[in-house]
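Subject: Structure handover

Hello,

Here is the structure I said I would pass on. My notes on it follow below.

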Amino acid sequence: MSLVVAENLKKTYQLGDILVTAIRDVNFTIEPASFVSFVGPSGSGKSTLLNMIGCLDPPSMGSLQVAGRDIVRMDRQQAAQFRGEHIGFVFQDFNLIPVLTVFENVEYPLLMVQNWPASARKKRVSELLEAVGMGDQGNKYPRQISGGQKQRVAVARALVTNAKLVLADEPTANLDGETANRIIQLMKKMRDEFNTTFVFSTHDPKIMRNAEIVFTLEDGQLLKRQNEEGGAHA
Amino acid sequence: MLNVIKIATRNLRRYQRRTLLTSTLITLGVVAVLLFISITGSFKQMMVGQITDSMIGHLQVHRKGYLASIDNLPLNRNLNPQQVAKVTQLLGDTAEIESFSMRIKLGAMFSNFTETTNIRLNTVIPEQEVKTVPLLTDRIVQGEKKETLLQKGQILIPELIAKGMKVKVGDGVVLVANNKDGSVNGKTFTVSGVLEGISGPGGRDGVIHLDDAKELLRISGVEVSEIAIRLKNMDDLPGVFSVLKAELESIRDKNDRPVFEVHTWEKLSPFYNIAKMIDLMTLFIKIMLVAIVLVSIMNVMIMAVYERINEIGTIAAIGTLPGKIMALFVVEGFLLGVLGTVVGTVISLISIAAINAAGLTFDFGRQSNLVLAPTIGAGDVITIVLIVIGIAVAASVQPAFKAARMDPIAALRHV
């Protein structure tokens, strides 16, 4: 069963008197444990699409199912709950909470969202920090680690709840080439280890090269779907 | 909840200077209010004590209508022997009453054999009076401060008359009074002391023995104008007042009108209005404190939300429920309130102890060297603490609600 199923998805915004269409009748599916990238120029609708998949922004029309749930008619509370249970986020600016240590940042979703017991939390967080190579940095605060390390922590935070889907909006935009490569490899490794689906919105050719499926968007329309083998579909 | 507190605490530590400034403001407000309450409270208590213990007593019983015409000191509104018996029996049966004193109040002509003036007199049974208003002897500024107050044939004269008529302790004087039938009688007295005058009813009256008054007024049997009552504990005043009022009002004359009236010191003394003003000032000071806390906490929390919009977007995106986001900010305001209040309360209590230890004195009217002895009840401290913390929480609710309702996408885009 597909993890994400979008049918005739449409998103419009009212900008003053003008109705702006950000996404036009988009159809796609994303399978579990895949490494998918949405690419396209600025304003093409990549981030909007990612926000809709992430239950942050409801579609204006069409149907969108994530992990078997119709997310179109979820209210604010239900959407937050759904995100907490099924979706992890990795942001361009890392978005770690500055007053929490590395360990506590990764622990946050288990503590404040999923209410895990302390011993299970500790075990799971340590496991994830080890997996992203930050096992010995748990007591540091975000200001004490590098950008690449911050993004590793962000990946661990996204995966700590056993999320089925991780949405990453330009995750390498603020990293140098070498660090970006390491983060991409880390995410791939995490996908293999935890069977998590990674969906990116990016301009970064490194991510495009590594993605198994690349969706190209332009003016809110899905122009083509390109798979790992290089085959393109309209 | 502990985790919410932990994160809120760290956020407060993150903006240390702002937290320090805001909590200092709250601390100063709390200190100002608690010190004001304790000092004015002790001043009020001292003044009330002076008035009740040296003049009025805690309660007074009169014949109905006497108080309305007290300026004329009407002898025809005295309590008759049967009425006195009823009242004294009731007072004797009331456990909370420590003592009571029967008085006849009258107006007379005062002569030093060369000059004459008017005098208002309070006539008492000394043993009863000293028990009921124990500070009366302290008002004797010239002459011996005897435990027996005075004997038959002696008079305590008010300071003003002593000065105006140039009368000294040991001098002989004559009192001439009309009895209720209109006939006139005179009697000589020896001045045994001069009484300090204080404001309020009876504060500038002379004092003679009740038996002398009966002789002067040709009264036979027991007849009194008022009965002053002292309670064992002044906190029992409202309860005893209602019981006495109910009991005395149930005694009716043949026209079914109440025979007696009972009043507390509050109704009898003009100082009660000053006491009320002190209470009113305390209320205004409390309102100012509320305003300080409200504005400072709200300002800080609005800033906190504004500065952390991106962070709010992040925690909302990763699934933190709106209620929990709201709790994070409300707890932050709550902790700021707690911090300021705890420090303020500790400083206030230390200051109160220090003022007591220093033994500061002040003058009030003609009374000098009154020792400033501020005290504060646990009830007042708890009330202020709860008000401040409650307002701190209330002030955080609006910014916290705004944070909880924030659109995660807009928040994440915020730079």
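How much area do chain B and chain A bury between them, and what share of it is on carbon and sulfur atoms? In this predicted model, the two chains bury about 2400 Å² between them, with 60% of that on carbon and sulfur atoms. On the chain B side, 25% of the area buried against chain A is supplied by B:Arg10, B:Ile318 and B:Ile409, more than any other three residues supply. Counted by contacts, 28 residues of chain B meet 26 residues of chain A.

B:Arg10 forms a salt bridge with A:Glu104, and the closest N and O atoms are 2.3 Å apart.

The side of chain B that touches chain A draws two or more residues from each of α1 (2-14), α10 (309-317), α11 (322-358) and α13 (408-413) of chain B. The largest share, seven residues, comes from α1(B). By type, the residues on this side of chain B are 14 nonpolar, six polar and eight charged.

One further item concerns a helix of chain B. Helix α2, residues 16-56 of chain B, has 41 residues and reaches 56 Å from its first C-alpha to its last. That is close to the 60 Å expected at 1.5 Å a residue. After α2(B) comes B:Gly57, which has a positive phi, near 85 degrees.

Regards

Technical notes:
Residues are numbered from 1 along each chain as its sequence is written. Chains are lettered from A and ligands numbered from 1 in the order in which they are written. This is a predicted model: local features need pLDDT of at least 70, side-chain atom pairs count only at pLDDT 80 or more; totals for chains, interfaces and linings use all residues. Side-chain values use heavy atoms; hydrogens and water are left out. Contact means heavy atoms within 4.5 Å. Buried area is the accessible area (1.4 Å probe) that two parts lose on being put together, summed over both. A salt bridge is a side-chain nitrogen of Lys or Arg within 4 Å of a carboxyl oxygen of Asp or Glu. Helices (H or I, at least four residues) and strands (E, at least two) are DSSP runs, numbered from the N terminus. Ala, Val, Leu, Ile, Met, Phe, Trp, Tyr, Cys and Pro count as nonpolar, Asp, Glu, Lys and Arg as charged, and the others, Gly among them, as polar. The expected span of a helix is 1.5 Å times one less than its number of residues.
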